[in-house]
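Have a look at the fold below before you read on.

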Amino acid sequence: MTEIHTAAAPRPAGAYSQGIEAAGFVWTAGFGPQDPATGAVADTVGAQTTQVLRNVEAVLKSRGLTLADVVKTTVHLQHLHRDFEEFNEAYEHFFTAPYPARTTVGSDLMNILVEIDVVAVRRS
């Protein structure tokens, strides 16, 4: 098991790793929409989704992977019914078919609108 750390993604706010690589897979932490350089958070779910996926992408890139290697995403939305359409539009700018499997749920998030974690696979 190898811990993943990159300055290109937000630092963990607790006792967890940005990501872990093991057995040919990479699991990321659930990332929020904080800009890693400034800590700023955008106001809309679309802009927050974009930053979240940039944060996830930075962790994958640090291990030589891309979003094309993602096989599963888990998405938490603060306002599932209100924000799903805008979230999904932003999400589709980062992934192409065949899309990763995805679970999207409503969650009580702390001062953010979206959080996403992924599982990626190292291709042989």
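Helices here are DSSP runs of H or I with at least four residues, and strands are runs of E with at least two, both numbered from the N terminus. The expected span of a helix is 1.5 Å times one less than its number of residues. For the 17 residues of H1 that rule gives 24 Å, and the end C-alpha atoms are 24 Å apart, so the two agree. Keep in mind that this is a predicted model, where local features need pLDDT of at least 70, side-chain atom pairs count only at pLDDT 80 or more, and totals for chains, interfaces and linings use all residues. Residues are numbered from 1 along each chain as its sequence is written, and side-chain values use heavy atoms, leaving out hydrogens and water.

Is H1 enclosed or open? Because 13 of its 17 residues are buried, H1 is largely enclosed by the rest of the structure. Buried means under 20% relative accessible area, exposed over 50%, and partly exposed in between (1.4 Å probe, protein chains only).

Now to the salt bridges, each a side-chain nitrogen of Lys or Arg within 4 Å of a carboxyl oxygen of Asp or Glu. The whole structure has four of them. In one, Arg63 pairs with Glu21, with the closest N and O atoms 2.7 Å apart. This pair links distant parts of the chain, 42 residues apart. Glu21 is buried, at 12% relative accessible area, while Arg63 is partly exposed at 29%. Glu21 also meets Arg122 in a salt bridge (2.9 Å, N to O).
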